[in-house]
Amino acid sequence: MQLQYIGSSVLTGGFRRYTLVATVALAALTTTPVAAQEIRAVMHSGLRVLDPIITTAHITRNHGYMIYDTLLGVDENMKPQPQMADWKVSDDQLTYTFTLRDDLKFHDGKPVTAADVVASLNRWGKRDTAGQMLMNYTQSLEAKDDKTVVLKLKEPFAYVIDLIAKPSAVPAFIMPARIAQTPGTEAIKEHIGSGPFRFVESEYQPGVQVVYEKFEDYVPRKEPASWTAGGKVVKVNRVVWVNTPDAQTAINALNSGEIDYIEQPQIDLLPLLTANDEVTVDTLNPLGYQTMARLNFLHPPFDNPKIRRAALYALEQKPVLGALIGNPEYYSVCGSMYGCGTPLATDAGAEPILTENNTDEAKKLLKEAGYDGTPVVIMQPTDVTSVSPQPVIGAQLLRDAGFKVDLQPMDWQTLVTRRASQSAPSQGGWNMFFTNWVIPEVWNPIVNPMLNSGGAKQAWFGWPDDPKLDEMRINFAKAKTDEERKKIAAEIQKHAYETVNYIPLGEYVPPSAWSDKLSGVLKSPIPTFWNITKKE
């Protein structure tokens, strides 16, 4: 495999592509006046999709946490905690009563009511993998009065609180009922929450900048901030996300003081930051990320399970991780679909992805399957360093195994939109893309979006239709003991590897970097901008 040549080619082509974009971003950095107490941040991606319920894209989730609040949160001990509401559970474990705390207000000045919560949870429950399972157990979800929401189950379901509190993919953000009544198949057109920041739509420039202002009427909880729980106390006036795809430009801007924060600086450029005594480099998300490949089950060639297995054998974790991260201090090979180091971690069924140099086995499977050379259309984002290398290396590994590959470059936000298309690859669809998940998004079979196998109507992009897998997930949800859950989780993973539900490609723990003008930066699986003080 000539991976070094491919990597060099991408870096050269990427530099040409990034130079133009970086010029625009640099202009935004140097010409826009900085307001007092304003944090200027470079996030891992630009923001184009604003509805945090219709996509699992992390940048949209991050946007959601800026302007929306959640009924419950999760603290640094991974325990659900009250956020907008407290809760009680009936003795028979069938009725959950949520009581909204005082002084909750939307950005348009209207009070948050139980009706808003019900509408928001219903919309979330139609889109989110875990929410769908919760709604399958739900008999009714009603507003008892303006401050009380009552959820009644058909039968006991132990994960109600965990799923409503989960921090990612997709969080149960609360929005006004009139907005939440938008069908889950359509993007919302108003962006009004009750969270700690207000979205400044008049200053929003897709691909250039996103602006948030402190919501003066937000009343934080009294507890200390911890992950998505506790008091979201905003200590600055504004936060501006400046889109800067070129990693070198972003690092230069942080070193020169033009920006204050980089969510995911490029690993091989970290020495430029660690050499600066006025910059902190640290890991804020210690659980890290899982990177993975997703195949489209609807169209050839991956509608054939034997060809999917050929792809599983063709792909290798080390070359992908080496290109993505480079420094082995920040990545690790891992066969567990739930993340290594988690309570459910297992290598069940993972032998094909943990064994190196399986090209011959991949070729054998392709021949047995009668692969006819149908091109594999791989979407390749070129503007986000955390998802740009994987498709290039993956394409070469597939070619080495005998696949014909059509690598199609695009920006990440185009990919995020296009991956929802169920059209044939020749008509604007796709066969494969690569993405990343924070470990709390995959750490059990209920929350892991890729293990939802509800087909074209319900499953996550790729749309596997596997009733057996969904039945196994239900059995996991009904399990009474941790030992039983672990056994079922291993069986689920083994089955998912056999059907090649998706292909885990290892784990990595990216650091963040910020100016020493900032203090109070929180460790969390999602980037947060509350609790931060900026000195001038």
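Predicted model: local features only at pLDDT ≥ 70, side-chain atom pairs only at ≥ 80, totals over all residues.
Figure 1. Strands of a sheet pair through backbone hydrogen bonds, either parallel or antiparallel.

**Figure 2. The pairing of strand 10 with strand 11.** Strand 10 and strand 11 (residues 209–214) run antiparallel and are joined by three bridges. Phe197 has Lys214, in strand 11, as its bridge partner.

**Figure 3. The packing of helix 10 against helix 13.** Two packed helices are described by the angle between their axes and the distance between the axes. For helix 10 (residues 317–324) and helix 13 (residues 389–401), the angle is about 145 degrees and the axes are 9 Å apart. Their crossing is right-handed. Helix 10 contributes Pro319, Val320, Ala323 and Leu324, which meet Pro389, Gln390, Ile393 and Leu397 of helix 13. Of the residues in this contact, seven are nonpolar, one is polar and none is charged.

**Figure 4. The largest nonpolar core and the surroundings of Leu71.** This core has 145 residues. Those with the most contacts inside the core are Leu71, Phe98, Phe157, Trp241, Phe403, Ile503 and Phe529. Beyond its neighbours within four places in sequence, Leu71 is in contact with residues including Pro82, Met84, Phe98, Leu100, Val117 and Ile174. Another core, of 21 residues, lies apart from the largest one; among its residues are Ala247, Ala253, Val279 and Tyr508.

Notes: Residues numbered from 1 in each chain as written. Heavy atoms only, no water. Core = buried A, V, L, I, M, F, W, Y, C linked by side-chain atoms within 4.5 Å. Buried < 20%, exposed > 50% of the residue type's maximum accessible area, 1.4 Å probe, protein only. Contact = heavy atoms within 4.5 Å. Axes fitted to C-alpha atoms, helices over the stretch in contact; angles between N-to-C directions. Helix = DSSP H or I, 4+ residues; strand = E, 2+ residues; numbered from the N terminus. Left-handed = near helix turned anticlockwise from the far one by under 90°. Nonpolar A, V, L, I, M, F, W, Y, C, P; charged D, E, K, R; others polar. Pairing = 2+ DSSP bridges.
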